[in-house]
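Reader: Please take me through one part of this model in close detail. I want to know who touches whom, and how the pieces are set against each other.

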Amino acid sequence: LLFTSQAYVEAMRALLLETGKFIDLAHITEGEEAERCQAYVELLTPVCKAWGSDWGFRVTEWCLQVYGGYGYIQDYPAEQYLRDAKIASIYEGTNGIQALDLVGRKLMAHGGRTFKELLGRVASTAQRLQKDPDLSGPGLQLGTALKAIQEVAGGVLQRPNGHLVMMLNAVPFLDMLGHTLAGSFLLEQALLARTKLQVLLEEKSIDPEDSEAYESLLGSDQEVTFLHNKIQVAIHFAFVGLPLVKALAVAAESGETSAVEAVF
């Protein structure tokens, strides 16, 4: 629970920091580049707000669970964090409204170019990873998640009732996109971390295949530990978080509309 919590926290931070980078670039660049970065910000904003606050709340729930019964009482701060975190999914436009904004406006903004470019970046990362001997498994999970998003976004809207199905599945679709983008950004970090880790090990004359020497270094060098954990977090999120994307696509792909067909 603690490591899954860490993985989701770092995934949320990756998404937020990437969006923050585009905000900065939109300010310091000009012309088409500034417009392109601003378009990324506009598409990513509802994902940051809704995906981050939904899963931030769940992380606090997991951490309260770690405390057991003590987590439920005021002797420890977990219950306060849980109550405080909930409001984030309600104010500034509830997450359902954010999801409707995403599928109703943001996906097709600029002719859908921005959405396609972000998915193209994910595809490039997935392809690179699938050829990697150490990260091919996570790369496969990322590719599967990407395919699920493409099938929903590209297939559902072509149906006669496609817009209705997308509206009904706006919240799960935003969840799909949040998981996929955050997972992709984490895996990009893992690739960078591994390169830096290899350089550090060479500088310290440590053979990564020498498990005893490597584990000893992990216990004494904070930078090595940080880089090692960045890789492990990305792998964990790929196997725990990314498989949810395909499952979330089922209702949209089936065209299920029971919510509007039921009589109340």
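Author: Here is a close look at one helix, its two partners and the pocket it lines.

This is a predicted model; local features need pLDDT of at least 70, side-chain atom pairs count only at pLDDT 80 or more, and totals for chains, interfaces and linings use all residues. Residues are numbered from 1 along each chain as its sequence is written, and side-chain values use heavy atoms, with hydrogens and water left out.

The helix is α8, residues 170-203. Helices here are DSSP runs (H or I, at least four residues), numbered from the N terminus.

Start with α6, residues 136-155. The axes of α6 and α8 come within 10 Å and cross at roughly 150°. Axes are lines fitted to C-alpha atoms, for helices over the stretch in contact; angles run from 0 to 180 degrees between N-to-C directions. The crossing of α6 and α8 is left-handed (the near helix is turned anticlockwise from the far one by less than a right angle). From α6, the contact (heavy atoms within 4.5 Å) includes Leu-142, Leu-146 and Ile-149. From α8, Phe-173, Met-176 and Leu-177 are among the residues that take part. By class, this contact has twelve nonpolar, two polar and no charged residues. Ala, Val, Leu, Ile, Met, Phe, Trp, Tyr, Cys and Pro count as nonpolar; Asp, Glu, Lys and Arg as charged; the others, Gly among them, as polar.

Next comes α5, residues 113-130. α5 and α8 pack at an angle of about 45°, with axes 10 Å apart. The crossing of α5 and α8 is left-handed. Phe-115, Leu-118 and Arg-121 are among the α5 residues in the contact. They meet a set in α8 that includes Phe-173, Leu-177 and Glu-188. The contact of α5 with α8 divides into eleven nonpolar, three polar and three charged residues.

Now the pocket. A pocket is an open set of points on a 1 Å grid over the protein atoms alone, where a 1.4 Å probe fits, with protein on both sides within 12 Å along at least five of seven lines; lining residues have an atom within 4 Å of a point. The largest pocket holds about 370 Å³ of space. Its lining counts 14 residues; closest to the centre are Asp-134, Arg-194, Leu-197, Pro-208 and Ile-231. α8 gives the most to this lining, with five residues. By class, the lining has seven nonpolar, three polar and four charged residues.

Methods:
Grid points are joined across faces, edges and corners, and a volume is the space filled by probe spheres set on the points. Helices (H or I, at least four residues) and strands (E, at least two) are DSSP runs, numbered from the N terminus.
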